[in-house]
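Me: I have not seen this structure before. Could you take me through it?

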Amino acid sequence: ERELLKLSWRIAVTIQEQATVNRETGQSSKSTEKTRNAADSKQGIQFENATEHLRPFHEDFETQFFKYCPDLKSKFPSNYSVVSKMIQSFISSAIEAKDTNKLARAFAKSHRKHSLKKEHFEGFAEALTDTIQDRLGNFGTIELIKIWRESTDIIVKAMESQYFKIKSSS
C-alpha cells in the first residue's frame, strides 16, 4: 500500500510540475503531451490526454479545500502556492514516515494560534483525497482511492489529536 501511495503521489506531483512548466513557458499541454507520451509509452505507462486547462496542484487543492472549509479562506495568505508547497512536503513526509505523530506534533505547534475545528480537519482530508482522485484520473481506481482515504484519515486524525492536545495545554 505504501508503494502505491508513493507512486500515485508522484504522479499527482508530476502533473503539478508539468502544469507549472506549462504556465511559466506559456506552452500548451498538447505540445508537451507528445513528448511525455513518447517517454511514458517506453515505460509501459499510458496517460490519458492532458487538457488545455492543466492547473497546478495548489489551485486544485485550494478549490476543494475551500469548498469544505470556506470559513478558513480569509486566514490563508494570498500567495497560496507557499501553503501548497508546505502541504506537498507534509504529505510526502507522511507517506514516507512510519510514525506520523512527529509530523502531527510539528503541525499542531505551527497551527496552535488558529482556531481550528474538527470540521476543518475533516475538510482537509476530504479535499486532499478529492484532489488526488481528480488528478489521477483513470489511475484513481476504487482500490487506490480507498487506500488514500484510509491513509489520509490516519494522518489527519494524528494531526487533529496533536492539535487539540497542544491547544488544551496552552
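Reply: The answers below go through the overall build, the aromatic pairs, the salt bridges and the surface charge. Please note that this is a predicted model.

Me: Good. How many helices and strands does the protein have?

Reply: The protein has 7 helices and 0 strands. Along the sequence, the pattern reads α-α-α-α-α-α-α.

Me: And what percentage of the residues is buried?

Reply: Of the 170 residues in the protein, 41% are buried.

Me: Let us turn to the aromatic rings. How many aromatic pairs are there?

Reply: The count is 13 aromatic pairs. In one of them, the ring centres of Trp 9 and Phe 57 are 5.6 Å apart and the ring planes stand at 80°, so this pair is edge-to-face. Trp 9 belongs to helix α1 (residues 2-25) and Phe 57 to helix α3 (residues 57-68), so the pair ties together parts that are 48 residues apart in sequence.

Me: Are Trp 9 and Phe 57 buried or exposed?

Reply: Trp 9 and Phe 57 are both buried. Ring pairs also link them into a cluster with Phe 61, Phe 65, Phe 66, Phe 76, Phe 124 and Trp 148.

Me: Now the salt bridges. How many does the structure hold?

Reply: There are 8 salt bridges in the structure. One of them joins Arg 135 to Asp 60, with the closest N and O atoms 2.4 Å apart. This pair links distant parts of the chain, as Arg 135 is in helix α6 and Asp 60 in helix α3, 75 residues apart.

Me: Why does Arg 135 count as buried?

Reply: Arg 135 has a relative accessible area of 8%, and buried means under 20%.

Me: Which residue pairs with Arg 149?

Reply: Arg 149 meets Glu 126 in a salt bridge, at 3.3 Å from N to O. Arg 149 lies in helix α7 (residues 142-169) and Glu 126 in helix α6, so this bridge ties together parts 23 residues apart in sequence. Arg 149 is partly exposed, at 29% relative accessible area, and Glu 126 is partly exposed at 31%.

Me: Which residues do salt bridges with shared partners join into one network?

Reply: That network consists of Glu 3, Lys 6 and Glu 96.

Me: Last topic: which residues gather in the patch of positive charge on the surface?

Reply: The patch is formed by Lys 102, Arg 105, Lys 109, Arg 112, Lys 113 and Lys 165. Helix α5 (residues 101-111) gives the largest share, 3 residues.

Me: Where does Lys 113 lie?

Reply: Lys 113 lies in the loop between α5 and α6 (118-136). Lys 113 is exposed, with a relative accessible area of 64%.

Key. Residues are numbered from 1 along each chain as its sequence is written. This is a predicted model: local features need pLDDT of at least 70, side-chain atom pairs count only at pLDDT 80 or more; totals for chains, interfaces and linings use all residues. Side-chain values use heavy atoms; hydrogens and water are left out. Patches are made of residues with over 30% relative accessible area and no salt bridge: like charges are joined within 9 Å, nonpolar side chains (Val, Leu, Ile, Met, Phe, Trp, Tyr) within 5 Å. Accessible areas come from the Shrake-Rupley method with a 1.4 Å probe; for residues, only the protein chains shown count as cover. A salt bridge is a side-chain nitrogen of Lys or Arg within 4 Å of a carboxyl oxygen of Asp or Glu. Lys and Arg count as positive and Asp and Glu as negative; His and the chain ends are not counted. The place of a charge is taken as NZ of Lys, CZ of Arg, CG of Asp or CD of Glu. Helices (H or I, at least four residues) and strands (E, at least two) are DSSP runs, numbered from the N terminus. Buried means under 20% relative accessible area, exposed over 50%, partly exposed in between (1.4 Å probe, protein chains only). Rings of Phe, Tyr and Trp (its six-membered ring) pair if their centres lie within 6.5 Å; planes under 30 degrees apart count as stacked, over 60 as edge-to-face and the rest as tilted.
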